[in-house]
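Please keep the sequence and the model in view while reading.

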Amino acid sequence: FFPLILLLLLFVLRSCLDDTRIMPGITLGDVVPNFKAESTQGLVKFHDYIGNGWVIVFSHPADFTPVCTTELGHIAKYQPEFDKRGVKLLGISSDTVKDHNAWIKDIEAYTPGAVIKYPILEDPAKEILAQLNMLDPDEKDASGKSLPSRALHIVGPDKRLKLSFLYPGSTGRNIDEVLRALDSLLLAAKLKVATPANWKPGDPVVISQSVSGEEAKKLFPQGFKNVELPSRKNYMRLTTLS
């Protein structure tokens with residue numbers, strides 16, 4: 001009877017372990033590791049590459065695949081917008097630099113006007129991808145190992161992770177939303193504000209709740225609107241930035 005109970009417990013324990021998704025690596029607010037890797041533009045040391053600016057790091061499941069080809073082409077078309085904001089771009093996958101360079105020709109051919117100016121890292125051992133939480137636990141290659149996901153991290157000048165997007169392999173990323181979220185981060189880094197739902201540059205922003213009424217008058221001399229709500233807690237303060 002006892003051996004039967006023991007076998008049952010072992011079965012349950014194994015089932016629990018099989019169903020667990022362990023995702024090691026960084027999360028919001030963590031310092032991104034100072035990894036280094038070869039790229040289409042030579043050796044990249046991540047912290048040196050960031051310098052005192054912002055960087056967007058994005059992974060893709062594999063070279064020579066349709067959705068990834070559209071994504072990297074669109075990111076390249078948006079490069080002038082990222083440059084205008086002083087933000088660098090950095091791609092990464094588990095394919096080799098040789099594959100990346102060959103694939104770039106397809107990307108630029110498919111998306112008119114796209115020129116890949118940003119480096120794409122190689123990580124055949126997937127060590128960096130694992131550190132960055134950029135592996136998909138459900139998508140496997142022929143050997144049964146996890147494939148890179150469609151992850152995108154925005155990293156600040158302090159080398160900390162500020163925002164992260166994670167898409168499955170079946171869904172291409174919306175680069176307009178990446179740019180909108182980036183604008184929100186850059187704004188919040190300069191001023192004591194937050195951006196409401198569906199915010200776009202030029203729309204009213206929310207004054208941080210940590211800002212007192214007197215401080216708000218000094219910080220926002222253009223004025224602000226205190227929206228009256230049923231709770232009467234006076235937390236909804238909107239202002240428009242010039």
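## Terms and basis

A residue is called buried when its relative accessible area is under 20%, exposed when that area is over 50%, and partly exposed in between, with a 1.4 Å probe and protein chains only. The model is a predicted one, in which local features need pLDDT of at least 70 and side-chain atom pairs count only at pLDDT 80 or more, while totals for chains, interfaces and linings use all residues. Residues are numbered from 1 along each chain as its sequence is written, and side-chain values use heavy atoms, with hydrogens and water left out.

## The whole chain

The protein chain contains 8 helices and 13 strands, where helices (H or I, at least four residues) and strands (E, at least two) are DSSP runs numbered from the N terminus. Its C-alpha atoms fill a box of roughly 70 × 60 × 30 Å along the principal axes. The radius of gyration is 22 Å, whereas a compact globule of 242 residues would have a value near 18 Å; the radius is taken over C-alpha atoms, and the globule rule is 2.2 Å times the number of residues to the power 0.38.

Of the 242 residues in the protein chain, 39% are buried. Among the contacts (heavy atoms within 4.5 Å) with a separation of 6 or more, 62% are between residues 24 or more positions apart.

## An open sheet

Strands of a sheet pair through backbone hydrogen bonds, either parallel or antiparallel. In this chain, 4 strands form an open sheet in the order S10-S11-S13-S12, with antiparallel pairing; two strands count as paired if DSSP finds at least two bridges between them. Strand S10 (193-194) and strand S12 (225-226) stand at the edges and have a single partner strand each, so one side of each is left without a neighbour in the sheet.

S10 is joined to strand S11 (residues 205-207) by 2 bridges, and the two run antiparallel. Val 193 has Ile 207 in S11 as its bridge partner.

## Two loop residues with positive phi

Most residues other than glycine have a negative phi. Asn 198, which lies in the loop between S10 and S11, has instead a positive phi near 60°, and Asn 198 counts as exposed because its relative accessibility is 68%.

Arg 232 is not a glycine either, yet its phi is positive at about 60°. Arg 232 sits in the loop between S12 and strand S13 (237-239), and with a relative accessible area of 69% Arg 232 is exposed.
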